[in-house]
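Student: I would like a close look at a single part of this protein, taken slowly, and then an account of how the parts around it are put together. Please build the answer as one connected description.

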Amino acid sequence: MTLQTLLGIELPIIQAPMAGVQSSELALAVSNAGGLGSLPCAMLEPDALRAELATLAAGTSRPFNVNFFAHRSPQPDEARERAWRKALAPYYQEHGIDPEAVPVGGGRTPFNAAAAELVELYRPAVVSFHFGLPDAALLDRVRATGAKVLSSATTVEEAVWLKERGVDAIIAQGLEAGGHRGSFLTPDMSTQMGTFALLPQVVEAVGCPVIAAGGIADAQGIRAAMDLGAAGVQLGTAFLLCPEATTRPIHREILRSPQARHTALTNLFSGGPARGIMNRVMRELGPICDAAPAFPLATSAIAPLRAKAEAAGSGDFSPLWSGQNASGCRDLPAGELVRQLAGAV
C-alpha cells in the first residue's frame, strides 16, 4: 500500500509539525495542495487546540495531521533549577530582568485525556506522536476514531518498538532534522544517525511505510529518499519562510543568511536536544549545558531573555529551529512550494 492510499493524500509529502512557527494556516495550505499538512499541538491549551481543529475542519475536506508529544513529564529538580538560573544570571543582569519574577515550569504538555477527547470530536485523518507513543488506553482512543497513527523513530530500535505497537507508518528522523529529536528509548545522542544512513536500515527492519525526515529540502533530496525505500518524505525547514508560517522576523532574517549553515543540537531552550541555528547563548554556554533542567522544564527561565532580545531585533536567545539544510527555504506560498516539490514524486 502506498503512503498516498494509506493516508488518503495525493502526494507523499508531509509538512512537519513545527511548534512556535506555525498555526493551522500552514497546515491548511499544504493539505489543500495535496500534501499532508500538520498541526503541532504540544504547546496548545485545550481551548486553543479546539479552535485550531475547528479551523482545519472548516478549511479543508482533505486529510490533515495533528501532532502530539508523548514524553513523560519530569519531576522538578530544585537544585538543577538553581544551577540553571545561576548560569543565566549574567544575562538577566545584562537585560534588566529580575530573576525572582521569572516563573518555573514547562510549556509543553504530553498527550492526555483532554486531547484525546478533542481527537474523538474532530476525528482527524492522521494523528502523529513525537517521543514514542502515549499510554495504551489513550492510544486505543485515537485508533477508535479511525485515525492513522504515525510516530518518529531516530534509531532502528525505536522503529522496531513502534512497529511492534502497531503504528501505521514510521517517520525516520535523521540527525540533520531541525527541532526536537524524537528519541525516546535512550538519551545517548551517539546512537543518532543521518537520514540516509538511518532510512534504509529502518526500511529493512520494519514492514510498514517509512517516511524520511531530516535534511530533505528539495526535489533532488526527495528522489534520493524514495530511491532508498522511503514511502514519503517529511519536510519542515523548507516551509519556514512561507507566508503562512508564523516564523518571527528575526528568525526569517537569519534563515536567509549564511548563519543558517551552522546548526547544532542544543538543550538550552527546552531541556531536550533540538537542532537550531547557532547563536550567542549557544556559543557562550555551549549548545548542551548540564545545568539545563530536563525537558521541558528549561523553557521558562530562558523565555524572558528571548523576549527582551527579540524586542531589540536580536536572536541571541531565540530557539532558531532549523535543519542542517536550509537551502530549500523559499519565500513562496506553501501550496506553490508543495507543487514544486511534487515534481520529484
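Tutor: Pro-296 sits in the loop between helix 11 (280–285) and helix 12, and in this predicted model the peptide bond leading from Phe-295 into Pro-296 is cis, with omega near 0°. Most peptide bonds are trans, and most residues other than glycine have a negative phi. Two residues can be set beside this bond for their backbone angles. Arg-123, which is not a glycine, has a positive phi of about 50°, and its place is the loop between helix 5 (113–122) and strand 4. Phe-131, also a residue other than glycine, has a positive phi near 70° and is found in the loop between strand 4 and helix 6.

On the side of helix 4 the contact is made by Glu-81, Trp-84, Arg-85, Leu-88, Tyr-91 and Tyr-92, and on the side of helix 12 by Ser-300, Ala-301, Ile-302 and Leu-305.

Tyr-91 belongs to helix 4 (residues 78–94), while Phe-317 lies in the loop between helix 12 (299–311) and helix 13 (334–341), so the pair ties together parts that are 226 residues apart in sequence.

The count of aromatic pairs comes to 9. One of them joins Phe-69 and Phe-131 edge-to-face, at 4.9 Å centre to centre and with 75° between the planes. Phe-69 is in strand 3 (residues 64–69) and Phe-131 is in the loop between strand 4 (126–130) and helix 6 (136–144), so this pair ties together parts that are 62 residues apart in sequence. Phe-69 counts as buried at 8% relative accessibility, and Phe-131, the residue with the positive phi, is buried with a relative accessible area of 12%. Ring pairs also link Phe-68, Phe-111 and Phe-129 into a cluster.

In soluble globular proteins, nonpolar side chains tend to be buried together. Here the largest nonpolar core has 71 residues, and those with the most contacts inside it are Phe-68, Phe-111, Phe-129, Ile-170, Val-202 and Phe-239. Helix 2 (residues 24–32) supplies the largest share of this core, 5 residues. As for Phe-68, if residues up to four places away in sequence are not counted, it touches Cys-41, Leu-49, Phe-111, Ala-115, Val-119, Val-127, Ser-128, Phe-129 and His-130.

Strand 4 also holds Val-126, which is buried, with a relative accessible area of 0%. Val-126 and Val-66 are 60 residues apart in sequence, yet 6.5 Å apart in space, C-alpha to C-alpha. Apart from residues up to four places away in sequence, Val-126 touches Leu-7, Leu-36, Phe-64, Asn-65, Val-66, Lys-148 and Leu-150.

Finally, Leu-255 lies in helix 10 (residues 249–255) and counts as buried at 5% relative accessibility. Leaving aside neighbours within four places in sequence, Leu-255 is in contact with Leu-240, Leu-241, Thr-247, Ala-260, Ile-277, Ser-322, Ala-326 and Cys-329. Leu-255 and Ala-16, by comparison, are 239 residues apart in sequence and 17 Å apart in space, C-alpha to C-alpha.

Note on methods
Residues are numbered from 1 along each chain as its sequence is written. This is a predicted model: local features need pLDDT of at least 70, side-chain atom pairs count only at pLDDT 80 or more; totals for chains, interfaces and linings use all residues. Side-chain values use heavy atoms; hydrogens and water are left out. A nonpolar core is a set of buried Ala, Val, Leu, Ile, Met, Phe, Trp, Tyr and Cys residues joined through side-chain atoms within 4.5 Å. Buried means under 20% relative accessible area, exposed over 50%, partly exposed in between (1.4 Å probe, protein chains only). Helices (H or I, at least four residues) and strands (E, at least two) are DSSP runs, numbered from the N terminus. Contact means heavy atoms within 4.5 Å. Rings of Phe, Tyr and Trp (its six-membered ring) pair if their centres lie within 6.5 Å; planes under 30 degrees apart count as stacked, over 60 as edge-to-face and the rest as tilted.
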